[in-house]
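Here is a short report on one protein model. Please look over the sequence and the structure before reading on.

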Amino acid sequence: MFNILTRRALLIAACLAAPPALAHAATRPAIKVENAWVRAAPVGAAAGAAYMTLTNTGAVADRLIGGASTQATRVEVHEMSMDGGVMRMRPVDGGLAIPAGGTVALKPGGYHIMLIGLKGPLSAGGKLALTLNFEKAGATRLTLPIQAAPK
Ligand SMILES: [Cu+2]
């Protein structure tokens, strides 16, 4: 009798422990970064751009709100758009939304990470350390290959 009760108590304890763990996982977005690269920039270039594919594998929407790099003064999330027949770029207002389960591509001619105030050239074959800041997922540290053209 004592044994059965103990076993039941252990089962109940195991069941009670499970839901909070699941709930915690569901409220945290998880961002997967793929195909990340930085476009090579020559000596004297003021700015550079980084591209990648971001997938939110979590159940909650998130936003890419900015970043940082030791190789640039400022890191911003930009978008390209046509303005009176002229291609312009500007910071994305309020950050780049990444819906739960969604994928957002940052690519030439569209969204990109702008590296402003380069502290040196971005040489093809080299690497760039970049931290991306997400509103909910927090900071993600990346090391991106520097390339002359898309993979
Ligand atoms: Cu830009």
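The report covers the model, the fold, the metal site, the salt bridges and the aromatic pair.

## Basis of the model

This is a predicted model, in which local features need pLDDT of at least 70, side-chain atom pairs count only at pLDDT 80 or more, and totals for chains, interfaces and linings use all residues. Residues are numbered from 1 along each chain as its sequence is written, and side-chain values use heavy atoms, with hydrogens and water left out.

## Overall fold

Read from the N terminus, the order is α-β-β-β-β-β-β-β-β-β-β.

Of the 151 residues in the protein chain, 33% are buried. Buried means under 20% relative accessible area, exposed means over 50%, and partly exposed lies in between (1.4 Å probe, protein chains only). The accessible surface of the chain is about 8800 Å², with 61% of it belonging to carbon and sulfur atoms. These areas come from the Shrake-Rupley method with a 1.4 Å probe; for residues, only the protein chains shown count as cover.

Contacts are heavy atoms within 4.5 Å. Among contacts in the protein chain with a separation of 6 or more, 68% join residues 24 or more positions apart.

## The copper site

Four residues coordinate the copper ion: His 78 (ND1), Met 89 (SD), His 112 (NE2) and Met 114 (SD), at 2.0 to 2.2 Å. Donors are N, O and S atoms within 2.8 Å of the metal (3.2 Å for Na, K and Ca); water is not among the atoms, so sites may look incomplete. Along the chain, the donors of the copper ion are spaced H-x10-M-x22-H-x1-M. Met 89 sits in strand β5 (residues 86–91) and His 112 in strand β8 (residues 112–118), so this pair ties together parts that are 23 residues apart in sequence.

The site is tetrahedral, with angles of 99 to 118 degrees among the four donor atoms. Four donors count as tetrahedral if all angles lie between 85 and 135 degrees. The ideal angle for four tetrahedral donors is 109.5 degrees. Is His 112 buried or exposed? His 112 is buried, at 3% relative accessibility. Met 89 is partly exposed, at 41%.

## Salt bridges

How many salt bridges does a search of the whole structure find? It finds three. A salt bridge is a side-chain nitrogen of Lys or Arg within 4 Å of a carboxyl oxygen of Asp or Glu.

Arg 90 pairs with Glu 79, with the closest N and O atoms 3.4 Å apart. Arg 90 lies in strand β5 and Glu 79 in strand β4 (residues 72–83), so the bridge ties together parts that are 11 residues apart in sequence. Glu 79 is buried, at 18% relative accessibility. Arg 90 is partly exposed, at 46%.

Glu 76 and Arg 74 form a salt bridge at 2.9 Å, N to O. Arg 74 is partly exposed, at 44% relative accessibility. Asp 83 bridges to Arg 88, with the closest N and O atoms 2.9 Å apart. Asp 83 is partly exposed at 42%, and Arg 88 is partly exposed at 44%.

## The aromatic pair

A search of the whole structure finds one aromatic pair. The ring centres of Trp 37 and Tyr 51 are 5.0 Å apart and the planes stand at 35 degrees, so the pair is tilted. Trp 37 is in strand β1 (residues 31–39) and Tyr 51 in strand β2 (residues 47–56), 14 residues apart. Both Trp 37 and Tyr 51 are buried.

Rings of Phe, Tyr and Trp (its six-membered ring) pair if their centres lie within 6.5 Å; planes under 30 degrees apart count as stacked, over 60 as edge-to-face and the rest as tilted.

Methods. Tetrahedral: all angles 85-135°; square planar, octahedral: opposite > 155°, others 65-115°. Helix = DSSP H or I, 4+ residues; strand = E, 2+ residues; numbered from the N terminus.
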